[in-house]
Amino acid sequence: EKTVMAKFEDYANKYNNIRMERHDGILQITFHTNGGPLQWSLPAHTEFTYAFSDIANDRENKIVIMTGAGDTFSGPQAKPQTNSIKASDWDPLYWEGKRLLWNLLDIEAPMIAAINGPALRHSELPLLCDIVLCTDKTIFQDSAHFIAGMTPGDGMHVVYPLLMGLNRGRYFLLTGQSLSAQQAQELGLVNEVLPAHKLLPRAWELAKQLEQKPPLVLRYTRVLLTQYLKRELHDLLGYGLALEGLGMADE
């Protein structure tokens with residue numbers, strides 16, 4: 001008898017900030033806050049870490065589409081961290097921050113990002129997907145870190161310089177640069193720019209196209225194409241998170 005490590009019905013409705021639906025092995029995850037656009041928060045950070053683990057542990061997920069609710073992919077949290085913190089306060093975020101991206105890359109199903117609007121917080125999540133689509137109204141910015149007085153150590157320091165090139169990535173992080181969808185496509189961050197109403201239909205079209213391939217070919221291709229990313233994150237993610245916390249402790 002075939003055993004499934006995680007069953008969809010056990011985790012599909014488990015998370016407040018993620019809506020999940022699955023048809024013929026294609027899982028769509030929609031990030032949201034109370035049904036509207038995602039407002040980034042610490043509870044969302046925790047939920048995504050564990051949700052990615054659940055998704056990775058369910059071999060019935062053949063393709064994953066990641067998107068957001070409404071016309072914004074991810075907005076700022078209501079109350080950014082401003083006061084000094086202790087190591088014991090930062091430690092849960094350090095632990096979670098590593099697993100957030102490791103668990104995402106441990107999903108052995110090709111991932112399609114459908115970025116439905118401005119991605120101002122944790123845009124490294126959709127950019128780590130294998131195919132990246134966005135709307136023509138999407139913008140990319142790291143609003144959470146350097147321009148807000150924090151070290152951009154939670155993966156932004158790996159993903160943007162890797163995708164854009166070192167000098168463009170460093171400029172982006174240090175200046176708080178805002179990139180339009182067209183600029184993001186020219187720089188190689190996204191593959192297709194679409195009108196909002198065509199975004200999800202295109203993601204599903206691509207998912208169905210990918211799903212025609214043999215199941216093991218799908219899984220192993222995803223595994224192979226994420227190895228380089230895993231190696232980069234293995235070397236730099238924990239270090240970045242540690243320095244981010246250390247910088248906050250000194251305020």
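I began with the largest cavity, which is lined by Leu105, Ile107, Glu108, Arg222, Val223, Thr226, Gln227 and Lys230. A cavity here is a set of points on a 1 Å grid over the protein atoms alone where a 1.4 Å probe fits but cannot get out, and lining residues have an atom within 4 Å of a point.

I noted the ground rules next. This is a predicted model: local features need pLDDT of at least 70, side-chain atom pairs count only at pLDDT 80 or more, and totals for chains, interfaces and linings use all residues. Residues are numbered from 1 along each chain as its sequence is written, and side-chain values use heavy atoms, without hydrogens and water.

Back to the cavity. I looked up its volume: about 30 Å³, taken as the space filled by probe spheres set on the points. Helix 9 gives the largest share of its lining, five residues. I sorted the lining into three nonpolar, two polar and three charged residues. Ala, Val, Leu, Ile, Met, Phe, Trp, Tyr, Cys and Pro count as nonpolar, Asp, Glu, Lys and Arg as charged, and the others, Gly among them, as polar.

Then I checked helix packing. Helices are DSSP runs (H or I, at least four residues), numbered from the N terminus. The axes of helix 3 (residues 87–105) and helix 9 (residues 215–249) come within 9 Å and cross at roughly 170°. Axes are lines fitted to C-alpha atoms over the stretch in contact, with angles from 0 to 180 degrees between N-to-C directions. Helix 3 and helix 9 are therefore roughly antiparallel (over 145 degrees). I sorted the residues of their contact into 13 nonpolar, five polar and four charged.

Note on methods: Helix = DSSP H or I, 4+ residues; strand = E, 2+ residues; numbered from the N terminus. Parallel < 35°, antiparallel > 145°, perpendicular 65-115°, else oblique. 1 Å grid on protein atoms, 1.4 Å probe; cavity = no way out; pocket = protein on both sides within 12 Å on 5 of 7 lines; lining within 4 Å.
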